[in-house]
Each structure stands twice: as structure tokens, then as C-alpha cells.
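Subject: Structure for you to look at

Hello,

Here is the structure I promised to pass on. Please open it first, and then read the notes below it.

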Amino acid sequence: MPILFANPAGFWALLGIPVILLIHLLQRESKRLPISTLFLLENIDRESIQGRKIERLRNSIPLWLQLLAVLVLTWLLTEPRWSASRTATRVVLVVDSSASMSAFHDRLIEEIESKVPPLTETLGTTEYTCIESHESGNQLYRGTSVSELIEQLRDWTPARSAHSPETALRTGRSLAGSEGTLIFVSDHVPETLPFAASLLSVGEPIENVGFTGFQIDNSEEVASWEVSIKNYSDTPQTRRWVLASGGTRTEPREISLNAGETRSLKGKFPQSRDRISLVLEDDEFSRDDQLFLVVPEPKPLLLAQAASPDTDALVRSLVDSLENAPLATGDQTPDLAFASYNPLDPQPFPAVSIVFLNQKAVPQQFLKGSIVSANHPLVSGLDWQGLIARVTPAIPPKEEDVALLWQGDRPLVLLREKGGQRQLLFNFDVPHSNAERLPAFIVLIHRFIHRVRNDKVALEVRNTELSEPLSLAVDRGAEASDLILSTGEETQTLAPKRASSLRSPRAPGFFEVRQGDQPLLRGTANFADTREADFSEATSNSTLDKLPKKITEQHTVSDPWWQIWVIALLALALGAWFFLSKTNRRETSPQGTQHA
Amino acid sequence: MHPTLETLDLPGIATRARAHAGLFTLPLKEQNWKGSTGDFAGSGVGASLDFQDHRLYAPGDDPRHINWQAYARTGEYTLKLYREEVRPIVEILFDTSDSMFSDPEKAERALELFYFLYAAGEQAGAATSACVIRGDHWKPLEIASVFSHHWVDIVSDLPPTEPSARPNLTAIPSKSRSLRILLSDLLFPDSPEQTLQILKRNGGRPIILCPFTQTESDPGWLGNYDFIDSESGRRHERRVDTPLLNRYLETYRRHFERWKSAALRIHSPFARVPSATKFEAALKLEAIPAGALSLL
């Protein structure tokens with residue numbers, strides 16, 4: 001059963017042994033004594049040591065008692081313990097995967113390398129587990145080698161936005177077990193740490209200046225950009241910045257920011273350029289020092305007008321309000337058609353369409369009853385209470401219809417989706433109602449069009465945040481090609497059926513997503529979590545100091561005979577005192593009267 | 001004068017010694033002595049009342065001693081011989097080496113013995129003389145100098161000697177058939193037989209009285225000592241542990257065993273007189289049993 005010492009500093013008590021030996025080796029001061037029998041003494045033991053400061057060690061009972069007392073005292077002070085079990089000690093590290101940790105990546109490795117292994121060095125095998133702190137974070141390492149753990153951390157880049165580590169800590173605690181050690185490694189000190197986790201904070205306040213946001217206006221012929229830069233530190237900072245586009249860069253220009261100041265920069269995209277990058281002078285946190293911008297452009301949506309003349313004005317205004325949604329011409333196949341339905345002359349609806357019921361004759365009566373909307377994303381949060389519609393024959397319902405809006409027993413808006421069909425049916429006479437003046441009506445149509453546009457497999461240009469989920473419409477057919485995300489530095493391939501897990505790159509930059517020959521997305525990924533760029537709360541702290549003792553106590557048992565050792569120590573001390581005092585009495589008693 | 005002697009109350013010691021002489025005496029009755037007329041039986045024929053022998057008359061004999069009754073019976077002149085009564089001679093040889101006075105107790109005991117011997121000799125009517133000896137040097141003491149304590153000055157005038165020097169008794173003239181009492185601590189390395197033979201010459205009867213202290217016989221040393229020889233002042237640093245102490249005690253014991261054995265061989269009383277006990281008790285330990293002194 002391996003033995004370990006909870007208080008190795010107790011071994012300093014062993015210095016008592018050389019001290020005692022030195023004391024016993026040093027000759028005591030000679031006593032001057034007249035003698036009349038020197039001639040007898042001189043004949044005895046002429047080899048005995050004379051006149052030395054150091055004498056041979058005298059074998060005496062007090063010496064041995066004192067040496068034994070030192071050994072017993074050392075034994076007690078070192079607090080010997082025995083391993084209680086042969087199971088490996090578990091240490092689970094939950095490392096903060098938020099982007100701010102990237103500023104302390106090297107320090108994180110140093111701290112873990114220097115502080116974690118000593119926690120269990122006195123015990124046997126230690127099983128290390130390292131997981132990321134965000135929800136559904138990856139397991140970075142699991143094994144018994146610290147060096148391998150460090151190697152894994154060297155290759156790891158924290159890039160997540162601010163998040164709560166609670167879920168990861170819960171997972172960590174379940175991995176560590178009740179007796180295992182759970183350590184949260186971060187760059188700041190949380191108010192509380194659940195699940196009895198210990199803290200290893202490796203951060204420190206740094207003077208960070210970075211981009212905090214951007215805006216692109218492409219309403220004019222030449223798109224313009226506006227970005228904001230913030231000084232997060234509490235001291236004035238000056239940085240140089242450049243604008244790069246294609247292979248050209250502007251001359252560096254300085255920007256000075258007071259403590260905590262945010263300032264905007266504006267400009268236009270260079271002629272015939274739809275992408276630029278703004279680069280700030282590098283500092284310790286580099287993720288927000290670059291901003292990549294493209295002029296956004298939604299997927300093109302071809303529209304068709306197949307409605308009655310009564311709805312022309314309405315449709316025209318709707319088409320005008322949509323971006324990149326021209327009317328189809330010639331043999332172009334529209335993505336969405338506006339149609340009307342006359343209950344007196346019913347016609348089939350286009351497959352993907354927005355259908356307005358339009359009875360030629362003006363209905364006389366108004367629909368009665370309260371208006372109730374369904375719990376559906378398309379109508380979520382929309383207020384229809386001001387809608388006034390007239391009584392007309394209804395669109396014949398189908399089994400697959402989903403009523404989004406009701407007035408009394410009459411479904412006013414239906415969503416019909418089946419197979420290739422996707423139809424939004426307004427089951428009331430729209431031209432003869434006040435729907436055009438209701439925001440809910442316009443919003444509902446825009447939501448529907450947005451869904452249609454989203455589901456179209458086409459190229460989209462947009463700016464995203466780092467690791468942003470990319471909900472792309474892809475070809476999911478049996479022979480569909482894989483999705484390829486390329487950033488210029490790396491390429492990621494993904495099966496079409498896993499398109500929902502596609503995310504923008506974790507590092508800032510331009511990227512493109514393709515499926516075969518079909519480009520799906522050209523975009524940028526930019527750091528956008530300003531909470532992570534603020535290092536005013538970053539600090540160094542550690543609660544690991546008390547852990548070794550706690551871990552040792554959990555995995556070991558103390559010496560069951562310590563009371564006996566204490567008694568033995570007292571006995572040895574008393575014995576040494578007794579024999580020493582006896583010897584001293586003999587040595588110091590006046591001659592001649594000693595035996596009188 | 002030896003520093004220790006300056007601190008001692010010599011008159012008081014002498015007074016106590018005279019008192020002790022009323023309790024103890026010298027063993028003068030156990031031998032026939034030679035000397036002037038006195039109270040003790042002499043070795044020759046004298047005019048005492050103690051009949052000794054008969055012998056035939058020879059010319060020159062005192063006709064007053066002819067036994068006329070015997071002549072009437074035998075017709076031969078015979079003489080009746082009576083024991084001679086003499087005054088014995090007591091010679092006190094006082095070893096005054098510094099070791100005798102190194103310890104106050106030992107010095108006091110030595111002086112007590114010296115004064116006692118002198119007083120006892122005088123009280124017994126013996127012709128008592130004393131001399132002080134230090135190594136090769138000696139000086140006879142006048143009777144007046146003893147009880148006037150001027151002898152101390154005489155001792156002080158004796159030149160210093162080598163450490164542990166043997167008292168040279170050879171040069172001291174001794175009277176024949178005297179009682180020779182050597183008062184010494186015998187702390188010198190020479191053979192006891194040689195000293196005893198010198199004491200025994202001319203028919204002398206040696207008695208040896210040896211004062212000692214427990215600092216010599218059982219010193220209880222343990223530790224580091226800077227020993228200073230009481231006679232030469234020579235320093236001797238020594239670590240004394242129990243084995244060394246035991247060897248010292250064994251050597252000390254054997255030293256005096258040799259003296260005791262040598263004295264026994266020549267039928268001389270030998271007694272060691274401890275310093276730590278009272279004078280009477282000290283004498284009763286060895287001196288009385290050994291015949292060096294006797295009770296009155």
C-alpha cells in the first residue's frame with residue numbers, strides 16, 4: 001500500500017538529527033579542576049582525545065532517545081497517509097472556450113502544466129479529462145498523460161461567445177464523480193462556481209482596442225460602410241488601421257481613443273469591389289482587430305403576377321418592398337407567384353404562391369366573430385384585431401391546410417404545404433378589406449416570402465459572425481454533391497443531410513460555401529461578441545492551493561496509530577530529559593561532596 | 001605557605017589533636033623498644049620489675065643482681081635478669097608535598113593526623129621527633145615549632161619538587177629501633193617496597209598513615225576537564241567518560257593495593273584515613289583495625 005506524506009514540509013524536522021548530533025559532538029566547555037592524581041590518569045588511555053572541539057560521538061541513552069524523538073516528530077509532522085483505494089484519481093478540467101481565452105492561450109498551458117500535475121503527484125495514476133465549457137462542448141482530452149493533455153491544448157483555439165459554463169461543469173462533475181476533482185479554467189472569476197468546482201483563472205486586464213460592429217448601406221449605387229471601434233481599456237490608446245481590398249491597401253492611419261471611447265469610421269466600397277477588410281494594429285487580443293465586409297445580397301427571388309387587376313396595386317407595392325426580387329420575364333420560371341381566387345370562377349393555384357381571394361362583386365356583409373391567430377411562426381406576434389373582412393364564399397379547404405387565422409368559424413388565412421406546393425391563401429376578399437393597411441398582413445406576406453427565399457438553392461452574399469449557424473438551402477437529393485466550405489486557408493466538407501450543422505468559420509475572414517458547381521453562400525465571418533473583447537474583469541486567481549490536501553484526504557487514510565506516536569514522542573522527550581538531567585547532575589555536582 | 005594552609009585554623013586543629021590523643025595512642029606496647037629509660041619495655045635487660053631470664057654470672061656483671069637463693073641451692077652464681085624499661089623513639093615523617101594540601105579537607109585531615117601523632121607520641125612519653133619532607137628535601141622540626149605552628153614556614157621554605165615526586169627518605173637520619181610513622185598520601189608512582197625498606201632500616205618499625213579524599217578515590221568525573229596538577233600546575237585537558245573513569249578507579253585501587261600488600265609483607269601497619277568523615281570515625285575505619293593506632 002503506497003505511503004504518501006500530506007505535509008512534506010514536515011521533513012524539515014529531520015534537520016533536528018544533525019543538530020542533535022552536532023550538539024553531542026561539540027565538546028562541552030572544560031571544567032578546570034585541580035588534581036593530585038594526575039600521574040594515575042596520565043597512564044590511562046593515552047590515545048583518548050584531547051583538546052579537540054569535536055569529539056567522537058558518545059553512545060548515550062539521551063542521544064538515542066533524542067534521535068528517536070526527532071524521527072517520531074518527523075513522522076507526525078509529515079502526516080503520513082496510505083492510499084485508500086487503487087482506483088485512478090480523476091481530474092476534470094473544464095476550460096473556458098470563450099474567445100477571450102485566446103488572449104491567454106500560452107498562459108493557460110503554462111498554468112495547467114505547472115499547477116495541475118502537482119495536485120495528484122503524491123497519488124497513483126491520475127485520469128485527466130478536459131472538456132470545453134460551452135454547451136455541447138468537445139472533449140479535448142481524456143487519458144493519464146499530462147504531456148498529451150498539453151499537446152491537445154496547444155492545438156485548441158477558444159472561439160466561442162460568452163456563455164455559462166454550468167452545463168459543462170455539470171458534465172464535468174458527473175465525469176469526475178463525487179470524489180474527483182473538477183477545475184474550471186477561465187480568464188475571470190465567476191461569482192459562484194457550482195458543483196464544487198475549483199477555479200484556475202489565468203487572465204489579466206489587457207489594453208484591447210477592436211471593432212465592435214459594422215453597417216453596410218447598399219441603397220445607393222456605390223455601397224458604403226460604417227464600422228465602430230472601441231477602446232476597452234481604461235487608458236487612452238492609439239492604433240493604426242488600414243483598409244484592404246483585393247491586393248491593395250491604404251496607407252496606415254492613426255486613430256486615438258480615450259478610455260472606453262467608441263468611435264465610428266465610414267467609407268465607401270472601392271469601385272467595382274464588393275469586399276473589403278479593415279485591419280487594426282495588432283494587440284494581445286487579435287480576434288477583433290480585423291473586420292471583413294462584403295456587400296450583402298440576398299438570394300434572388302423571381303416573382304410572377306397572376307392576380308386579378310384588383311390586387312395589382314397591392315402586389316406592386318409588395319414587390320417593390322422586396323430586395324432582389326424581380327418579376328420574372330420571358331421563359332424565366334418564377335419562384336413565387338401572386339395569384340387571386342374568385343370563388344365564382346375558381347382556378348388552380350400556382351405551386352408556390354400567395355393567393356388573395358377576390359370576389360368581383362362587392363360582398364355586402366362583414367364577417368363576425370372574434371379574430372384568433374394560430375400558434376404558428378408565420379403569425380406569431382401579429383395583431384389582426386383591426387381586420388375588417390366581408391362575407392364571401394370560402395376557398396374550398398383541404399386536409400393539409402393549416403389555418404393561421406380565424407374569425408368565428410371562418411379560417412381567414414390558410415397555409416397549404418404538401419409536396420412541391422407552398423401556398424399562402426388569404427381566405428377573405430383582400431381588395432374589399434382593410435388588410436393592406438394592417439402591418440400584420442404585410443409582415444405575414446414578408447415572412448412567407450422569406451421562407452420561400454430561404455428554401456431556394458441559390459447564391460447568397462452576407463456577413464456573419466464567427467461560428468454562426470448557416471441555415472442554407474441545399475440540394476438534398478440522392479445524388480446531391482457534398483457541401484464545401486472554404487476560407488482560402490482550409491476547406492470543410494459536409495454531407496448535404498448535415499447542412500443544418502454548418503457554421504461559419506471560427507476565425508475571421510472571407511469564406512464561400514458551394515455544393516458542386518452551385519455556389520450557396522459568399523460571406524464573411526467576423527468577431528462580434530464585444531463582451532469577450534472587454535478584459536476589464538480578467539484576472540488571475542486560483543483556488544487550487546487547498547486541493548492537494550483535500551485530494552489526498554479523499555483518496556488516503558491517515559495513520560491510525562498517531563496517538564501512539566504522540567505518546568511515544570512524549571515518553572521519549574521525558575526520557576531524554578530524565579537522563580540528561582541525571583547526567584548533568586553528575587557532571588555539575590561539586591567533587592568531594594557528591595558522595596558525602 | 002601553601003594557600004590552603006593559610007585558610008586552616010591550625011591552633012584549633014592542634015587543640016582537637018590533643019583531645020584525640022586522649023582517645024587514641026600509638027601502638028608502642030606491642031614491641032620492645034630501644035631508648036633511654038622510660039615506661040615501655042626495652043629490648044635489653046633493665047631494672048624494671050619484670051623478670052626476664054636467668055644466666056650464669058660473668059665477670060663485670062652487677063653483683064647486685066646475683067640470685068643468692070639459687071647460689072645457696074646450687075653453689076653457682078647465677079644472675080636474675082629483669083626487662084629493661086625504655087622511652088621509645090617516635091619519628092614522624094610528614095610528607096608536605098603540595099598534593100597533601102591540594103584539597104582543604106585532605107589538608108585538614110593531614111594536619112589533624114600530624115598534630116595527633118605528635119601529641120600522642122608525647123603523651124605516651126616517647127621521644128617524639130618530626131621532620132617535614134618534600135621530594136628530596138627535608139627539615140627536622142623543633143618541638144617548639146610544631147605547636148607554635150612555625151613549622152608551616154619551614155615547609156614553605158622547602159624548594160618545589162617535580163610533580164609526583166617520591167619523598168626521599170634515604171637522606172633522613174633515623175634512630176635505630178624507632179617507630180617511624182610516614183604521613184603521606186603516597187601519590188607518587190615509585191615502588192612501595194623501596195620506601196618501606198628505607199623505613200624499616202636500623203630496626204625501625206614503619207607505620208603508614210595515608211590521608212585521602214573521595215575526589216581522589218571516587219572523583220565522579222564525567223565530561224571535559226582541564227586538570228591542573230596540584231604540584232606542578234601543569235594543565236591536562238581530558239574528556240572523561242565512564243570507561244575512562246572506571247579505568248582510573250581501577251588504577252587508583254591497584255596503586256594502594258600494592259602499598260597495602262607491601263606493608264603486610266613486612267608486618268607494618270598501613271592505614272588509609274578518609275578526609276570526609278570525622279576524625280574518630282576515620283581512624284576506626286582502617287587505622288585501628290590495622291594496628292597503626294590503638295585505643296586507649
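Start with one pair: Ile92(B) stands opposite Ala130(B) in strand 5 of chain B. This is a predicted model, in which local features need pLDDT of at least 70 and side-chain atom pairs count only at pLDDT 80 or more, while totals for chains, interfaces and linings use all residues. Residues are numbered from 1 along each chain as its sequence is written, and chains are lettered from A and ligands numbered from 1 in the order in which they are written.

Strands (E, at least two residues) and helices (H or I, at least four residues) are DSSP runs, numbered from the N terminus. Strand 4 (residues 89-95) and strand 5 (residues 127-134) of chain B pair in the parallel sense over 7 bridges; two strands pair if DSSP finds at least two bridges between them. In chain B, 6 strands form an open sheet with mixed pairing, in the order 6-5-4-7-8-11. Its edge strands are strand 6 (137-141) and strand 11 (270-274) of chain B, each pairing on one side only. Neighbouring strands of this sheet are turned by 20° against each other on average, direction ignored. Axes here are lines fitted to C-alpha atoms, for helices over the stretch in contact, and angles run from 0 to 180 degrees between N-to-C directions.

**Helix 10 of chain B**

Helix 10 (residues 279-290) of chain B packs on the sheet, where it touches strand 8 (205-212) and strand 11 of chain B. The direction of helix 10 makes about 175° with that of strand 11 of chain B. Two residues are in contact if their C-beta atoms, placed from the backbone, lie within 7 Å.

Which residues of helix 10 of chain B are buried? They are Phe279(B), Ala282(B), Leu283(B), Ala287(B) and Ala290(B). A residue is buried if 20 or more other C-beta atoms lie within 10 Å of its own, exposed if 12 or fewer, and partly exposed in between. Seen down the axis of helix 10 of chain B, its buried residues fall within an arc of 85°, so they line one face of the helix. The arc is that of the directions from the helix axis to the C-beta atoms. On the other side of helix 10 of chain B, Glu280(B), Ala281(B) and Pro289(B) are exposed. After helix 10 of chain B comes Gly291(B), with a positive phi near 85°.

**The cores**

A nonpolar core is a set of buried Ala, Val, Leu, Ile, Met, Phe, Trp, Tyr and Cys residues joined through C-beta atoms within 7 Å. The largest one has 61 residues, and Ile92(B) and Phe114(B) are among those that touch the most other members. Helix 4 (residues 104-123) of chain B gives the largest share of this core, 11 residues. Leaving aside its neighbours within four places in sequence, Phe114(B) is in contact with Ile92(B), Phe94(B) and Leu183(B). Apart from this core lies another, of 51 residues, including Leu108(A) and Val294(A).

Chain A has 11 helices and 30 strands, and 33% of its 596 residues count as buried. An open sheet of 3 strands has the order 2(A)-9(B)-10(B), with mixed pairing. Strand 2 (31-35) of chain A and strand 10 (235-240) of chain B stand at its edges with a single partner strand each, so one side of each is left without a neighbour in the sheet.

Regards
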